[in-house]
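Biologist: I have a model open and want to learn how to read it. Please take me through it feature by feature.

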Amino acid sequence: MPYAADGAISTEPFPGAIEISEEQHIQAVEGMLGGMAVSIEGGILSLRVPMTPEHPAEVSLTPDELRHAALAQRDALMAAAAARMAPLQYAADLGEATATEEAAMLAWKRYCVALNRIEQQTTYPESIVWPESPGIATTA
């Protein structure tokens, strides 16, 4: 079951997190990918355009906190990618995938491999270069 708290989501429980539905998890990931701020209050998902403070507060996180946040974000992105890849894989399994679907599946797989390798970056976890999402997979 996925979990959420304080703008963070994960497929694993973490301190202060509450259980959310798979549907809420996918909506939250898609919202975050779209630049939205995500909150879950009383079990209800809320997406909004984040407000930018005039003077953002300095927040200093420990290396462990940075790792936890990075891995939670990676896991959420991987879960969203898996949801996008599933119908493409079904089409491939049935021998019915179009060339467009096969290309989309390959792009999503490369994206997942890149996500899985963020820990290999020399600046991890202080600074992460996140791979670009292939976008919403289309069927043709």
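Biologist: Which pattern does the protein chain follow, read along the sequence?

Modeller: Some ground rules come before that. This is a predicted model, so local features need pLDDT of at least 70 and side-chain atom pairs count only at pLDDT 80 or more, while totals for chains, interfaces and linings use all residues. Residues are numbered from 1 along each chain as its sequence is written, and side-chain values use heavy atoms, with hydrogens and water left out. Helices (H or I, at least four residues) and strands (E, at least two) are DSSP runs, numbered from the N terminus. Here the pattern is β-β-β-α-β-β-α-α. That comes to 3 helices and 5 strands.

Biologist: What share of the residues in the protein chain is buried?

Modeller: Buried means under 20% relative accessible area, exposed over 50%, and partly exposed in between (1.4 Å probe, protein chains only). Of the 140 residues in the protein chain, 29% are buried.

Biologist: How do I read the contacts along the sequence?

Modeller: Contact means heavy atoms within 4.5 Å. Take contacts between residues at least 6 apart in sequence: 43% of them join residues at least 24 apart.

Biologist: At what angle do the axes of α2 and α3 cross?

Modeller: Axes are lines fitted to C-alpha atoms, for helices over the stretch in contact, and angles run from 0 to 180 degrees between N-to-C directions. The axes of α2 and α3 cross at roughly 155 degrees and come within 9 Å. Angles under 35 degrees count as roughly parallel, over 145 as roughly antiparallel, 65 to 115 as roughly perpendicular and the rest as oblique. The two helices are therefore roughly antiparallel.

Biologist: Is the crossing of α2 and α3 left-handed or right-handed?

Modeller: A crossing is left-handed if the near helix is turned anticlockwise from the far one by less than a right angle, and right-handed if clockwise. For α2 and α3 it is left-handed. Residues making the contact include L77, M78 and A81 of α2, and M105, W108 and Y111 of α3. Sort the contact by class: Ala, Val, Leu, Ile, Met, Phe, Trp, Tyr, Cys and Pro count as nonpolar, Asp, Glu, Lys and Arg as charged, and the others, Gly among them, as polar. The contact has 12 nonpolar, 2 polar and 4 charged residues.

Biologist: Which residues is A81 in contact with, beyond its neighbours within four places in sequence?

Modeller: They are W108, Y111 and C112. A81 lies in helix α2. Its relative accessible area is 0%, so A81 is buried.

Biologist: How many salt bridges does a search of the whole structure find?

Modeller: Side chains of opposite charge can pair when their charged atoms come close. The cut-off: a side-chain nitrogen of Lys or Arg within 4 Å of a carboxyl oxygen of Asp or Glu. The search finds 3. One joins R67 and D64, at 2.8 Å from N to O. Both lie in helix α2 (residues 63-93), 3 residues apart, about one turn of the helix. R67 is partly exposed at 31%, and D64 is exposed at 54%.

Biologist: What does W130 touch, leaving out residues up to four places away in sequence?

Modeller: W130 touches A70, Q73, R74, L77, L115 and I118. W130 is in the segment after α3. At 28% relative accessibility, W130 is partly exposed.

Biologist: Where is there a cis peptide bond?

Modeller: Most residues other than glycine have a negative phi, and most peptide bonds are trans. Here a cis bond joins Y124 and P125, with omega about 0 degrees. P125 lies in the segment after α3.
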